[in-house]
Every structure is written in structure tokens, then in C-alpha cells.
Amino acid sequence: MRSKEAGALTGEGRVREHSSAAVAGKYWAVFRTQLLNSLAYPIDLLGRSLLIVLFMWIFMNLWRVTYGAVGASSIAGLTLADTMWYLMMAEAVMLSKHDLSETFSEQVKDGSVAYLLNKPFNFILYHFASGLGDSLLAFGGNLLIGSAVVWLMVGPPPGIAGWIFAGAAVVLSWLLDFCFSALIGLSAFVVEETNAFRWIYQKFLLLLGGVLIPLDFFPAWLQTISLNLPFAWIIYGPARLFVEPSLARLGHVFLQQCIWLAVVGGIVWVIYRRVVARLVINGG
Amino acid sequence: MPAISVRDLRKTFQMKRKSAGLRGSLRALWRPTYQSIEAVRGLSFEMEDGELLGFIGPNGAGKSTTIKILTGILHPSSGEAAVLGHVPWQDRQALAFQIGSVFGQRPQLWYHLPAVDTFYLFGKIYEIDDSSLKRRISFLAEAFEIEELLETPVRKLSLGQRMRCEVAASLLHRPRVLLLDEPSIGLDVVAKQRLRMTIQRMNDMEGVGVLLTSHDAGDIETLCRRVIIVNHGEIVYRDKVSALKRRYLTVKTVDVRYNEQLAPDFSLPGVEMVKVGRYGAKMRFDTRVTPVEPVISGLAAAGSLADVTVSEPSLEEVISAIYARTEV
Ligand SMILES: Nc1ncnc2c1ncn2[C@@H]1O[C@H](COP(=O)(O)OP(=O)(O)OP(=O)(O)O)[C@@H](O)[C@H]1O
Ligand SMILES: [Mg+2]
């Protein structure tokens, strides 16, 4: 890994003009270092991915019975195989997203947040880059093990387009989820206990985000509500795209994700600016 | 222009006070009461470019708070400060490129990775191009004698080795000023000496100014020419280390042994006899009250001398005497 450092950036002495390449290089390096860090414990990494086996086994039993009881080969346009592959992708995203809000709150409470501020980088972007490094590996592991299991249960996965489209959407999912985590984490500056917020967010994802059940199975009114909330675009969006990779759907998912990113990300940014000012005044 | 200048710096922390028990917690939630802690109370000092300045004081004196303010991660309640021409809390990011900091109680190296990985990360963060970074790392590795350690995961290093890596990491971007908050915490004698040597070496070679806090008088004695002593957020002493010694190391303890028996009523004017034996004595005197010359000649006149030892209190004792004097 280390030898790859050679000769990417040129120029003599130190680069000081803050070229966008140098700035992007920072966060890339943070991402890469976190990746290395996660790789330092491969067994741990594997352990995290084994949970998905259990989930898929439970889902398989649940949905096999359901499909049997309904007596149809497809429900709301999804076959049992579709549903299982949907859930595999949903779980993979859910289990690999890195909960930054906890790290955030801890760092705020014990004051170590201050020590991350004495370097020339943006605190939020730093956390995002490092979270991404962590998520990517976990996602890879979950996907690998999850697909192996589901393949055995219901047969081959959707085509290559599904993987590519879903993969692209998942990156935006992480970004959106990161914004929520950051929001919860930043609230630690105001309230001491952030667990309640974290709990509520998790439940929203589980119920209205489509982690436990494809939103297509919801009654129409609940579907409307869910699809108009951001949570669906973190889990349901990419997972549904995975089993039905049409360009139209891809465009729709991206659009929704971008809208919510702009909204939630904007809020995070505003709050962050105020919080940093406050932090520097109060000291962690 | 001094590297650091601080004028009437103050920092008061507001701490939420919580009484014990559930009732207390609930009340604190409803109507929190605040307690103010004056961590820094009107500090003023300057540090020259390239100077090694000692900054010491007992626990809770406000040293770390001051250093945090100087790195820009803490906003003072009032007062002024300039570090290399920047107001730290207004110019934190720009300043970060020019100063380095090590907090002995807060390691910055990634624990599970080899130090060199953190070095490369910091290199990117400080926007150092790859070839300069490589040269810099090998230079620092040699100066800090850590070539052998760079590839080992940090968790497997001894504390002394790790601290040398920490300080080296803080110098990657060639800072003009280094803020070291207790770098020698927990180190053994040998590790402390090696760390001091490397700090001294970097100061010699690159002229980096160092503001150093420590609870070890030896660190200050070997490294710093000037020292500032703080207690309860205020400066209680500032001068050259040598002057500190000259001023406070005035109490001499003398141990004498003779080849013949001493007179049983042996004594000298102005000298406190701690212990008088048959062939020797232990005594103490203050050079500000009793000059040295008559004491020594008195000792020589008392008989045929076999051995004389004169000792003075350690800097450590002097400092604790100053702390005690400024206790309120
Ligand atoms: N974030 C904070 N909130 C409230 N009080 C604080 C905070 N940080 C420091 N203090 C208080 O300010 C005072 C000075 O603390 P500081 O850490 O600066 O001392 P110090 O000189 O570094 O001591 P030590 O030698 O133990 O490291 C202490 O009374 C401490 O309890
Ligand atoms: Mg301290």
C-alpha cells in the first residue's frame, strides 16, 4: 500500500495553495487509513458480516410461509426470490452503515473532539471519509456472504445492472445516513444524552425505510408517507433498484436522494458552523 | 516579533452542577445551575522565536487550557494572544499549518496501525507533496531514532518509543512552534532522556520554538533556559532557570567527616546543626544569611578534615516550595 504513495503529486517543497487535488487527497488519505485500520482485524470484519446469515435465514422462513399462504407467485410485483434479494441488499446497507453519531457524541462528551480540530481539515468531512472507509469493507463482506446465502436459498441474483445501479445509490445512501448521524451526533453539544434520538432514527429506518419489509407491500397510504420521507431513500431506494434496475427507477432514486441530501446536509452544515463556534467557546 | 505573545488571557469554564441522586438529576435538567471555574486568570507572557520555554505548574494550574487556547481549539473568555501572527481561535486552520502540538495524554497516532501510516496520513492532511514527505519522514526517523519502529503497529510500541513517534509526527510539516503538553508523562528515566535529546536536537537543527509543560523538573532543567510557573491560573514565577536556582537554591546542606574526634559542643555561628556525631556532623545554612567563606574556614579550623559534601535542594524541591508558597 505504502509504495503507492510515490509520485502522485508533484511540485517542489510543500504544496500550500490548497489546490482542490490536495484537499481531496486529504480525505482520500483519511478514507484509506480507516480502510487499513479496519483490515488490521480481519476476523472482526468477518464476524460483523456473519450477522447477515442469521437475518437472511429468518427472512427466508418468514417469507416462504407468507408466499405460501397467499398462494401467489408474486406479491405487489415481487417474487419470493426478488423479495429475498431485496432484503439481502437492504440488510447489507443497514449492517454496514457506520454509526457516527455514537463516535460523535462520545468525542463531544469526553472533549476529544477538540483534538481533531487542531489539524487543517474539516471535522465533518474527516468523519465522513473515515466512516466511508469502514462502511465499504463491511458492505463488501455483507454482500459477499449475504449473496452466497441467498443464492443457495432462492437462486441467482439480479443482473449486472442491478449491482452497478444499487452500488451507486448505496454511496448516496451512506452520505444521507451520515447526515442524519451527524445531526444526532451534533445534538450532543446541546443535550447530554443522544441515545433517544438514535433509537428513534433506527426505528424509522426499520419501519419506514424498508429494512424489514419492501415498502411495496405496505397499504397505499403508508407507502405514500414512507416514500415522501428520507428514510426510504437510504434503504428501500437502492435495494429496490437492485431487483429492478431500470434507468427510470435509477433516475428517480438519485433525484430523491439528492433532494434529501440537500435538505438534511444543509441543516447539518448550518448547525455544524454554529456548533464549532460554540465548542471553541465552551471547550468539549 | 515573538513567536507567541499572550496578554491578560482568561478562561472561565461554566460547568453544569448536578446534585446527587435522581432528584438532583431531574432538577439539573429542569433548571441547571452553573459553577464557574477560572482555569486561566490573566496570563501574560511571550515566547521568542526558536526559544525553549518551560511552562510548569501543579495539577489544575491551567497549563493545558492555555495550550488549547494557543492551538485555537479553545476560545478564551477574554484577553489577547498571537501565535506566529495569528489569533489562534480566529485562524485555527491557517495556524495549524505552522504549529505542531503533542498532548501526552491524547495520543494522535492510529493505535492499530504502524506509525508510518499515520505519518503518511498527516502528510496528506498538511498537504505535503509525496517526495518531500518521504524525505521528511526519513530525516525525522533518523533524528528521533525510530527507523526500526515505524513499521510496527503503534500498540506494540513501548510508551517511550510511542512518544518519540508522536513528537516526530507533530514535526512533519516543519512547524515554527511546537506545543508540547506533558510529552514525558509516564516515561522512565532513560526514555525521558532520549526524548529530551531529540527535542533539543530538533531545536538546534531547525530552530523550532517549543513551549513545554511537564511535571518533571528535569525536563525543564535540561531543556529550557527560561521557565514560567503557574498556579491557580496565574503566573507565580518567571525567569531564567539558572536564576531560579540561584535565587532559591541558597540553602546548603553540608556533611563533614574528620580524621579525629570532634569537640562535643561543636557548632558554627549562623549554621543550624542537624546532627553532630563523634567524627562528623551534618548541618544546614542559608547563604543569604551566612556567607560561605567563614563556614568553610570554621570547618577547616575544627580539625583535620577527611571528607566534605555540600548539597543543595533539587530543582524539584525548589518548585514544590514555590507551589506551596503560592497555595491559597
Ligand atoms: N472543559 C472543561 N470544563 C470545565 N472545567 C475544565 C475544563 N477543562 C479544564 N477545566 C478545569 O480548569 C482547570 C485547569 O485545567 P488544566 O487542564 O488546564 O490544568 P493543567 O495545568 O493542565 O493540569 P494537569 O497538570 O493536571 O494537566 C482545572 O480546574 C480543570 O478542572
Ligand atoms: Mg494538563
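Guide: Let us begin with a term: helices and strands here are DSSP runs, helices of at least four residues and strands of at least two, numbered from the N terminus. The model is a predicted one.

Visitor: Between which two strands of chain B does B:His232 lie?
Guide: B:His232 belongs to a loop of chain B. The strands on either side of this loop are E8 (226–231) and E9 (234–240).

Visitor: Is B:His232 buried, partly exposed or exposed?
Guide: Buried means under 20% relative accessible area and exposed means over 50%, with partly exposed in between. B:His232 has a relative accessible area of 30%, so the residue is partly exposed.

Visitor: In which element does B:Asp8 lie, and what is its phi?
Guide: B:Asp8 is found in strand E1 (residues 4–17) of chain B. With a relative accessible area of 36%, B:Asp8 is partly exposed. Its phi is positive although the residue is not glycine, and the value is near 50°.

Visitor: How is chain B divided into domains, and what distance separates their centres?
Guide: The domain assignment gives domain 1 as 4–10 + 41–246 and domain 2 as 250–311. Taken over C-alpha atoms, the centres of domain 1 and domain 2 of chain B are separated by 45 Å.

Visitor: Which residues have the most contacts inside the largest nonpolar core, and which helix gives the largest share of this core?
Guide: The largest nonpolar core has 177 residues, and B:Ile4 and B:Phe119 have the most contacts inside it. The largest share of this core, 13 residues, is given by helix H7 (residues 160–186) of chain A.

Visitor: How many residues make up the second, separate core?
Guide: Among the members of this second core are B:Val256, B:Tyr258, B:Leu262 and B:Leu299. The core is separate, and its residues number 12.

Visitor: Is A:His127 buried or exposed?
Guide: A:His127 sits in helix H6 (residues 123–154) of chain A. Beyond its sequence neighbours up to four places away, A:His127 touches A:Leu100, A:Thr103, A:Phe104, A:Gln107, A:Leu116 and A:Phe178. Its relative accessible area is 3%, and the cut-off for buried is under 20%. A:His127 is therefore buried.

Visitor: Which element gives the largest share of the lining of the second largest pocket?
Guide: This pocket holds about 870 Å³ of space. Its lining has 27 residues, and A:Gln107, A:Leu116, A:Tyr126, B:Pro107 and B:Trp110 lie nearest the centre. The lining divides into 12 nonpolar, 11 polar and 4 charged residues. The largest share, 4 residues, comes from H4(A).

Visitor: How many cavities of 30 Å³ or more does the structure hold, and which element gives the largest share of the lining of the largest cavity?
Guide: The structure holds 4 cavities of 30 Å³ or more, and the largest cavity has a volume of about 70 Å³. Residues lining the largest cavity include A:Lys97, A:His98, A:Trp174 and A:Asp177. H6 and H7 of chain A each supply at least two residues of this lining. The largest share, 4 residues, comes from H6(A).

Visitor: Which element gives the most to the lining of the second largest cavity?
Guide: The second largest cavity has a volume of about 50 Å³. Its lining includes A:Asn118 and A:Lys119 as well as B:Phe122 and B:His173. By type, the lining residues divide into 4 nonpolar, 5 polar and 1 charged. The element that gives the most, with 3 residues, is E5(B).

Visitor: Why does B:Lys192 count as buried?
Guide: B:Lys192 has its place in helix H7 (residues 189–206) of chain B. Leaving out residues up to four places away in sequence, B:Lys192 touches B:Ser184, B:Leu187, B:Asp216 and B:Asp219. The limit for buried is under 20%. B:Lys192 counts as buried because its relative accessible area is 18%.

Visitor: How many Å apart in space are B:Gly62 and B:Arg325?
Guide: B:Gly62 lies in the loop between strand E3 (52–56) and helix H2 (63–71) of chain B, and its relative accessibility of 10% makes it buried. Beyond its neighbours within four places in sequence, B:Gly62 is in contact with B:Ala39 and B:Val40. B:Gly62 and B:Arg325 are 263 residues apart in sequence, and their C-alpha to C-alpha distance is 18 Å.

Methods: Residues numbered from 1 in each chain as written. Chains lettered and ligands numbered in written order. Predicted model: local features only at pLDDT ≥ 70, side-chain atom pairs only at ≥ 80, totals over all residues. Heavy atoms only, no water. Buried < 20%, exposed > 50% of the residue type's maximum accessible area, 1.4 Å probe, protein only. Contact = heavy atoms within 4.5 Å. Domains from an automatic or database assignment. Core = buried A, V, L, I, M, F, W, Y, C linked by side-chain atoms within 4.5 Å. 1 Å grid on protein atoms, 1.4 Å probe; cavity = no way out; pocket = protein on both sides within 12 Å on 5 of 7 lines; lining within 4 Å. Points joined across faces, edges and corners; volume = space filled by probe spheres on them. Nonpolar A, V, L, I, M, F, W, Y, C, P; charged D, E, K, R; others polar.
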